[in-house]
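The following questions and answers concern the structure shown below.

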Amino acid sequence: MHKSEVKELIRQAYTAWEAEEWLRAAGLLEQVLAHFPDAEPSAVWWYDAALAHKFLRNWDEAYELGREAAARAPRGEGDPAYWNLGIAATIQRDWATARDAWAGFGIELPDGEGEITGRFGHACVRLDTAGEREVVWVERLCPTRGRVVSVPVSAGRRYGEIVVHDGDPQGERVVDGVTYPVFEELMLFEASGLPTLEVTVGAAAAADLEALVALFTDHGFGAEPASSVRTLCSCCDQGTREQQRTVHVGAQRVSLAAPQEEARRLLERWAGQVVTGRSWSGLAPVG
């Protein structure tokens, strides 16, 4: 392949890139890389080809090309080639490569081998299921995976499921002066077996609702009062949004994540903890 042919293929590749024609852009870059895998600018070509497949959610190719990109990237300097490889390797469940990628990026991981299950703090993830978009709270298990600790209202989504999210925040939530990033979901990694239920509760004080949430959480389940859910326009959703840890008192719907009999038992226990001021009715599965 002559230098003029390479130049033309690269021009076409980045013209396609600007048009967000990711498959064509990646294909053209791969044509060049087949002949010049280690040319001086090849690290950029490998990275962009892998990134195009990431945009396409073509994780097999993102993984293979990402390994080549990371092999040509400096370690310990936050190079994004390692981050994207970490995502792709996680989705492939290649934990050894994922661990090496996060280390190459410069992230300290818990000691051990295999699946990464650490404590990386809380964050928010914007779920996207069949056009429905909902921001939920997650406990981050690694740089790209989080366990959902909200009770989603979107159809088919569940408390306790594990999602893979992107690494570039698209918005922020501020709670009690602490800022949390909002990441975009890339895929559902592991489903949850906990069903979603709804119940109407009566609470005389905010502390009563807080006690209900705490009781379910302490048993590994979830509870989400309707008054704690906020609906935002797309503009506000993408920006920085301050949230209060408050719920309204009085009768309201509460979404629960628990087996129905367990939920009934916990609701009865919660209501029986005080003489008056707590009630519940209408427990039923959602959907």
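Helix α7 passes helix α9 in a right-handed crossing. The model is predicted.

Q: At what angle do the axes of helix α7 and helix α9 cross?
A: Helix α7 covers residues 206-218 and helix α9 covers residues 260-272. Their axes come within 10 Å. The crossing angle is roughly 140 degrees.

Q: Is the crossing of α4 and α5 left-handed or right-handed?
A: Helix α4 spans residues 59-71 and helix α5 spans residues 80-91. The two pack at an angle of about 140 degrees, with their axes 8 Å apart. The crossing in which α4 passes α5 is left-handed.

Q: How many residues of the contact of α4 with α5 are nonpolar?
A: From α4 the contact includes Trp 59, Tyr 63, Gly 66 and Arg 67. From α5 it includes Tyr 82, Leu 85, Ile 87 and Ile 91. Gly counts as polar and Arg as charged. With one polar and one charged residue in the contact, the nonpolar residues number twelve.

Q: Which residues does Ala 70 touch, not counting residues up to four places away in sequence?
A: Ala 70 lies in helix α4 and, at 7% relative accessibility, counts as buried. Its C-alpha atom is separated by 9.4 Å from that of Phe 105, which is 35 residues away along the chain. The residues touched by Ala 70 are Ala 81, Tyr 82 and Leu 85.

Q: Is Leu 28 buried or exposed?
A: Leu 28 is found in helix α2. Leaving aside neighbours within four places in sequence, Leu 28 is in contact with Leu 9, Gln 12 and Ala 13. Its relative accessibility is 6%, and the cut-off for this class is under 20%. Leu 28 therefore counts as buried.

Q: How many aromatic pairs are there when ring centres must lie within 6.5 Å?
A: The rings considered are those of Phe, Tyr and Trp, the last through its six-membered ring. By this rule the count of aromatic pairs comes to eight.

Q: Why is the pair of Tyr 14 and Trp 17 classed as it is, and what is the class?
A: The ring centres of Tyr 14 and Trp 17 are 6.3 Å apart, and the planes stand at 45 degrees. Planes under 30 degrees apart count as stacked and over 60 as edge-to-face. The value for this pair falls in the remaining class, so the pair is tilted.

Q: What separates Tyr 14 and Trp 17 in helix α1?
A: Tyr 14 is partly exposed, with a relative accessible area of 25%, whereas Trp 17 counts as buried at 16%. The two are three residues apart in helix α1, residues 3-18. Their separation is therefore about one helical turn.

Q: Is Glu 20 buried or exposed?
A: Glu 20 is found in the loop between α1 and α2. Its phi is near 60 degrees, a positive value in a residue other than glycine. At 56% relative accessibility, Glu 20 counts as exposed.

Q: Which residue has its ring face under Arg 93?
A: Arg 93 lies over the face of an aromatic ring, at 3.9 Å from the ring centre. The ring belongs to Phe 189.

Methods:
Residues numbered from 1 in each chain as written. Predicted model: local features only at pLDDT ≥ 70, side-chain atom pairs only at ≥ 80, totals over all residues. Heavy atoms only, no water. Axes fitted to C-alpha atoms, helices over the stretch in contact; angles between N-to-C directions. Helix = DSSP H or I, 4+ residues; strand = E, 2+ residues; numbered from the N terminus. Left-handed = near helix turned anticlockwise from the far one by under 90°. Contact = heavy atoms within 4.5 Å. Buried < 20%, exposed > 50% of the residue type's maximum accessible area, 1.4 Å probe, protein only. Lys NZ or Arg CZ within 6 Å of the ring centre and 35° of its normal.
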